[in-house]
Amino acid sequence: MFRIGDFKVGLESDLFLMAGPCVLEDMDTCRAIAEELVKVRENTGIGVIYKGSFDKANRSSIDSFRGPGLEKGMEVLAAIRDEFGFAVMTDVHEPWQAEQIAKTVDCMQVPAFLCRQTDLLMACAKTGKPTAVKKGQFVSPGEMKNVVGKLRASGLDDIMLTERGTFFGYNRLVNDMTAIEQMKQLGAPVIFDATHSTQQPGGLGSASAGRREMAPLLARSAVAAGANGLFLEVHTDPENAKCDAACIMPVGWVEKLIRECQAIAEVIRN
């Protein structure tokens with residue numbers, strides 16, 4: 001069990017939420033999303049981590065919007081934390097970024113495509129910040145023991161793992177809900193990424209397609225399977241989001257979904 005912001009994270013902790021835009025956009029958009037997430041937090045009591053990437057280094061096309069960059073991105077996240085009281089999180093793509101990012105964020109996230117990068121994992125561990133690692137779409141749940149092993153060998157015990165789907169042919173992801181329990185057996189709480197699990201990677205040729213309408217169904221299923229937390233990329237205007245517009249969730253859907261998932265979690269706990 002460990003703390004992120006003002007709530008506890010662990011195998012026996014209450015359901016928590018990581019949510020925010022895929023990529024940090026302008027301050028007004030980021031603030032509008034945060035305002036809606038404050039309502040969710042106040043109305044449901046769920047612990048919320050605000051997530052936004054300062055750079056998405058793995059976009060499908062070189063012409064895709066990547067984000068504001070490290071310096072400006074950290075300014076946005078710091079402002080969100082200070083104004084709304086959220087713990088904040090961002091993606092780390094390269095080892096040299098970890099130390100700089102750790103000065104601002106409350107926890108780090110390693111993207112799925114980079115989950116086996118030893119130097120990156122070690123750099124995150126050395127900051128001492130809680131770190132969430134997304135299971136690669138090409139990695140089995142059992143193989144994540146090696147990820148956990150690298151982080152622990154580098155001095156970090158505050159580890160979270162994220163299920164976000166596995167490749168199933170071209171442009172298709174599927175979720176094996178037994179992966180949640182398998183990864184929990186490694187001693188790390190498991191988060192379910194409901195929005196990315198609906199993604200159809202590269203499905204639009206120069207961008208990813210997706211089926212956001214399926215995200216609530218998957219989220220409820222994951223909580224029933226024992227997920228400790230949910231990851232949702234959300235937006236006030238999904239159709240015009242600068243990243244993952246096809247699968248990012250309208251922030252207006254979140255409160256109802258969280259209430260449903262909390263009710264499921266309560267049944268599972270009892």
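**Reading salt bridges, helices and a loop residue**

Tutor: Glu-213 is partly exposed, with a relative accessible area of 45%; buried means under 20% relative accessible area, exposed over 50%, and partly exposed in between (1.4 Å probe, protein chains only). Please note that this is a predicted model, in which local features need pLDDT of at least 70 and side-chain atom pairs count only at pLDDT 80 or more, while totals for chains, interfaces and linings use all residues. Residues are numbered from 1 along each chain as its sequence is written, and side-chain values use heavy atoms, with hydrogens and water left out.

Student: With which residue does Glu-213 form a salt bridge?

Tutor: A salt bridge is a side-chain nitrogen of Lys or Arg within 4 Å of a carboxyl oxygen of Asp or Glu. Here the partner of Glu-213 is Arg-211, and their closest N and O atoms are 3.5 Å apart. Arg-211 is also partly exposed, at a relative accessible area of 39%.

Student: How many salt bridges does the structure hold?

Tutor: There are 17 salt bridges in the structure. One of them joins the side chains of Arg-220 and Glu-260, at 3.2 Å from N to O. This pair links distant parts of the chain, for Arg-220 belongs to helix 7 (residues 215–224) and Glu-260 to helix 8 (residues 254–269), 40 residues apart. Helices (H or I, at least four residues) and strands (E, at least two) are DSSP runs, numbered from the N terminus. Arg-220 has a relative accessible area of 30% and Glu-260 one of 25%.

Student: Where do Glu-266 and Arg-269 lie?

Tutor: Both residues are in helix 8, three residues apart, which is about one turn of the helix. Salt bridges that share partners join Asp-14, Glu-266 and Arg-269 into one network. Between the side chains of Glu-266 and Arg-269 the N to O distance is 3.0 Å. Glu-266 is partly exposed at 38%, and Arg-269 counts as partly exposed at 44%.

Student: How is the packing of two helices described?

Tutor: Two packed helices are described by the angle between their axes and the distance between the axes. Axes are lines fitted to C-alpha atoms, for helices over the stretch in contact, and angles run from 0 to 180 degrees between N-to-C directions. In this model, helix 1 (residues 27–44) and helix 2 (residues 70–84) pack at about 35°, with their axes 11 Å apart. Contact means heavy atoms within 4.5 Å.

Student: Which residues of helix 1 are buried?

Tutor: They are Thr-29, Cys-30, Ile-33, Ala-34, Leu-37, Val-38, Val-40 and Thr-44. These buried residues pack against strand 3 (16–20), strand 4 (47–51), helix 2, strand 14 (229–235) and helix 8.

Student: Is Ala-241 buried or exposed?

Tutor: Ala-241 is buried, with a relative accessible area of 11%. Ala-241 is located in the loop between strand 14 and strand 15 (249–250). Leaving aside its neighbours within four places in sequence, Ala-241 is in contact with Glu-25, His-235 and Ile-248. The C-alpha atoms of Ala-241 and Phe-65 are separated by 10 Å, although the two residues are 176 residues apart along the chain.
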